[in-house]
There are 4 protein chains.
Amino acid sequence: MAKLYFYYAAMNAGKSTTLLQAAHNYEERGMNVLLYTPVIDDRDGSGKICSRLGLTRPAIAFDSNFDLFTDVAGRLKESPIGCMFVDEAQFMSSRQVLQVSLVADRLGVPVLCYGLRTDFKGEPFEGSKYLLAWADELGEIKTICHSGKKATMNARLDEEGNRVWEGEQISIGHHYVALSRKEFRLDKVSPVGYHIDEQS
Amino acid sequence: MAKLYFYYAAMNAGKSTTLLQAAHNYEERGMNVLLYTPVIDDRDGSGKICSRLGLTRPAIAFDSNFDLFTDVAGRLKESPIGCMFVDEAQFMSSRQVLQVSLVADRLGVPVLCYGLRTDFKGEPFEGSKYLLAWADELGEIKTICHSGKKATMNARLDEEGNRVWEGEQISIGHHYVALSRKEFRLDKVSPVGYHIDEQS
Amino acid sequence: MAKLYFYYAAMNAGKSTTLLQAAHNYEERGMNVLLYTPVIDDRDGSGKICSRLGLTRPAIAFDSNFDLFTDVAGRLKESPIGCMFVDEAQFMSSRQVLQVSLVADRLGVPVLCYGLRTDFKGEPFEGSKYLLAWADELGEIKTICHSGKKATMNARLDEEGNRVWEGEQISIGHHYVALSRKEFRLDKVSPVGYHIDEQS
Amino acid sequence: MAKLYFYYAAMNAGKSTTLLQAAHNYEERGMNVLLYTPVIDDRDGSGKICSRLGLTRPAIAFDSNFDLFTDVAGRLKESPIGCMFVDEAQFMSSRQVLQVSLVADRLGVPVLCYGLRTDFKGEPFEGSKYLLAWADELGEIKTICHSGKKATMNARLDEEGNRVWEGEQISIGHHYVALSRKEFRLDKVSPVGYHIDEQS
């Protein structure tokens with residue numbers, strides 16, 4: 001039985017490094033892998049997965065209309081596939097998460113997705129919302145906050161390094177920093193709208 | 001540093017048993033615990049946590065307007081609190097999940113929430129959506145499908161035991177059965193709307 | 001593919017409760033289970049699994065010469081078996097851990113073992129040593145130290161509640177308390193023999 | 001509270017890559033790290049940590065008499081330390097595992113150890129035996145067997161790629177391949193000495 005995995009992490013935890021290492025493991029055992037990355041992430045050019053440790057390799061770029069199930073099903077007719085990998089998986093649509101669920105359930109190909117849980121306001125990304133709901137296995141790639149605590153949230157910074165509290169969900173131009181939820185101040189930034197006195 | 005935990009499971013995995021055991025552990029070491037349960041879950045009467053193994057104990061019932069942060073902060077002035085427990089946590093509002101995040105971050109009280117991930121159509125519950133996004137630690141309480149695979153989804157059944165494909169998100173009167181995602185047929189039931197041919 | 005699981009915990013974390021809940025889940029789906037417990041644990045009479053929450057049920061008692069593989073293989077000829085459970089699994093011999101590995105690998109029956117990792121001096125039990133080495137999945141059932149930290153070690157106490165630093169590995173008559181490794185003072189009690197100054 | 005982590009994996013799962021990524025994360029947040037590697041592992045020259053993805057960096061080489069606690073305590077007087085890393089941690093002695101436990105408990109420095117669980121006969125390495133027993137957190141870095149199942153065991157091969165069933169625990173010259181426990185045939189290779197008929 002093939003499974004759908006979601007490995008989540010805050011910014012700069014090493015998700016792409018982990019993905020590239022896992023893909024390498026499959027290939028070393030003689031199995032083919034498929035690598036996908038959403039076009040929205042054009043930090044390093046569409047169609048590449050880049051690790052901050054300096055590793056990079058090409059990937060199939062997909063936009064929001066791309067049908068991941070049909071694509072894998074088609075390639076599977078050509079040759080066996082050991083594993084499907086999706087980088088920046090938070091940018092998948094709910095339909096695309098359903099499609100990769102079916103890649104595991106109907107095509108029998110394991111799917112490993114890597115991505116963030118939440119945006120700079122603490123809201124779940126659409127892809128993450130459904131991956132967290134449907135994945136067979138959830139795994140965390142841990143990283144740390146400057147406070148020494150585990151970092152789980154992603155804060156947006158402007159060019160001077162000041163915290164940005166408002167704006168669009170996706171903005172590739174900004175800088176981001178991984179923070180613990182306590183440092184992130186969820187009650188100050190979340191659109192959910194619940195605040196407590198600073199004194200509390 | 002106090003943490004927010006979300007222990008998720010499919011129906012009938014033993015969430016309430018696990019909660020009652022963990023509360024017992026705290027009390028055995030001489031620490032006070034607070035137990036909460038949403039009023040929506042009136043299977044066993046409001047304000048009780050009932051395990052299918054026959055264990056039961058009273059809990060503070062809360063509705064959707066209840067402020068969990070203020071309630072814990074008030075009780076904390078009376079006596080120290082070792083841990084806060086929330087059963088059926090999928091029924092929390094996003095605000096209430098933010099409130100329990102602040103119980104951990106600002107009041108320093110660990111919070112253990114137990115609940116389902118998704119409803120009978122595969123949609124995340126509001127409480128689960130935010131607990132999966134914000135919890136410091138995600139843990140699974142595993143159970144099995146009649147197929148022998150791990151059960152992660154919750155199917156609704158009518159009185160004759162037939163699958164129900166349509167209806168409201170919350171319906172206490174129905175029966176539910178835990179299924180693996182493959183048996184659940186996400187593409188048949190999900191409002192996300194992506195279907196594949198049976199032949200695939 | 002059937003797996004071997006080892007769920008480890010410190011004393012009084014609720015291992016037997018968790019085991020009984022998991023067995024109940026299998027039976028609720030119409031599957032047979034087999035429950036085993038070593039005779040060395042005569043706290044509650046041989047051949048019973050007792051949870052501190054008050055639940056109890058009979059189990060097959062086995063001594064150090066008992067062949068768990070042959071026993072399961074024999075029963076499997078009578079009727080299908082959904083799952084094998086072993087309580088107090090730290091008391092298994094290395095051979096018995098090999099036998100339950102083969103129950104998973106050759107008989108295709110999943111095996112869930114529950115037990116302590118280490119004794120009152122911090123030494124691994126024989127069963128735990130091999131379960132930690134060979135299990136497909138390791139899971140922790142968490143509990144807490146009186147200090148509020150996670151408890152992972154098991155200290156022996158005499159009748160007055162004083163710490164016992166010397167003695168045999170197995171002594172059912174004593175009391176035990178779960179402590180964090182820091183409170184346990186591994187360098188004071190371990191036969192490994194490495195000590196640091198109290199001032200450090 | 002600083003913790004001791006043991007990330008275990010079979011051969012060639014990417015342990016060193018994961019270690020180097022985690023060290024990079026600490027440094028990126030401005031924290032110092034200490035990297036250690038046992039001299040027994042001279043595949044790539046003593047005092048280096050080498051990832052199969054091509055990354056490499058220097059590390060403090062230690063032999064079986066090296067006191068890891070005293071070394072870290074001394075360096076801590078010079079400058080703060082964010083994290084201690086140990087590669088090939090299966091080769092630590094029980095004393096050295098006790099020493100790194102004290103680095104976490106007494107010096108307050110988190111310790112991340114990476115290593116194998118078992119040797120080519122399925123016996124736990126000394127370092128792994130104690131790390132599995134004492135670590136606050138156990139994590140698995142997953143990899144796969146040629147059979148498609150998860151690989152958890154390490155088989156030794158000769159130059160022609162044939163399985164080696166006998167020999168010394170440590171032999172750097174041989175090749176190794178990660179296998180699932182079922183493919184590994186624990187009952188054929190383990191010195192524990194329990195065998196079943198091939199027909200079973």
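Predicted model: local features only at pLDDT ≥ 70, side-chain atom pairs only at ≥ 80, totals over all residues.
**Exercise 1: The overall form of chain A**

Task: Find out how many helices and strands chain A has, and decide whether its radius of gyration agrees or disagrees with that of a compact globule.

Solution: 
- Step 1. Start with the elements: chain A holds six helices and 11 strands.
- Step 2. Next, take the extent of the chain. The C-alpha trace of chain A spans about 60 × 30 × 30 Å along its principal axes.
- Step 3. Now compare. A compact globule of 200 residues would have a radius of gyration near 16 Å, and chain A has 18 Å, so the two agree.
- Step 4. Look inside: 50% of the 200 residues of chain A count as buried.
- Step 5. Finally, turn to the contacts in chain A with a separation of 6 or more: 73% of them are accounted for by residues 24 or more positions apart.

**Exercise 2: Where two chains touch**

Task: Describe the side of chain B that touches chain A, and name the element that gives the largest share of it.

Solution: 
- Step 1. Count the residues: 33 come from chain B and 33 from chain A.
- Step 2. List the elements of chain B that give two or more residues to this side: helices H2 (68-78), H3 (94-105), H4 (126-134), H5 (181-184) and H6 (186-189).
- Step 3. Pick out the largest share: H3(B) provides it, with seven residues.
- Step 4. Take a second look at one of the helices in the list, H4(B). Eight of its nine residues are buried, so H4(B) is mostly covered. Among the buried ones are Lys129(B), Tyr130(B) and Trp134(B).
- Step 5. Chains A and C do not touch, and their nearest C-alpha atoms are 9 Å apart. Chains B and D have no contact either, with their closest C-alpha atoms 9 Å apart.

**Exercise 3: An annotated site**

Task: Work out whether Ile170(A) and Ser171(A) are buried, partly exposed or exposed.

Solution: 
- Step 1. Check the record: an unreviewed UniProt entry has the annotation "binding site" on Ile170(A), Ser171(A), Ile172(A), Gly173(A) and Tyr176(A).
- Step 2. Apply it. Ile170(A) has 13 such neighbours and therefore counts as partly exposed. Ser171(A) has 12 and therefore counts as exposed.

**Exercise 4: Two helices in chain C**

Task: Decide whether H2(C) and H3(C) are roughly parallel or roughly antiparallel.

Solution: 
- Step 1. Two packed helices are described by the angle and the distance between their axes.
- Step 2. The axes of H2(C) (68-78) and H3(C) (94-105) come within 7 Å and cross at roughly 30°.
- Step 3. Angles under 35 degrees count as roughly parallel, so H2(C) is roughly parallel to H3(C).
- Step 4. The residues in contact include Phe69(C) and Val72(C) of H2(C), and Val100(C) and Val103(C) of H3(C).

**Exercise 5: One residue in chain D**

Task: Find where Val100(D) lies and which residues it is in contact with.

Solution: 
- Step 1. Val100(D) belongs to helix H3 (94-105) of chain D.
- Step 2. Val100(D) has 29 C-beta neighbours inside 10 Å, so it counts as buried.
- Step 3. Leaving aside neighbours within four places in sequence, Val100(D) is in contact with Leu4(D), Leu68(D), Met84(D), Val86(D), Val111(D) and Cys113(D).

Terms used: Residues numbered from 1 in each chain as written. Chains lettered and ligands numbered in written order. Contact = placed C-beta atoms within 7 Å. Helix = DSSP H or I, 4+ residues; strand = E, 2+ residues; numbered from the N terminus. UniProt positions renumbered as here; feature names shortened; annotations may be inferred. Buried ≥ 20, exposed ≤ 12 C-beta atoms within 10 Å, placed from the backbone. Rg over C-alpha atoms; globule rule 2.2 N^0.38 Å. Axes fitted to C-alpha atoms, helices over the stretch in contact; angles between N-to-C directions. Parallel < 35°, antiparallel > 145°, perpendicular 65-115°, else oblique.
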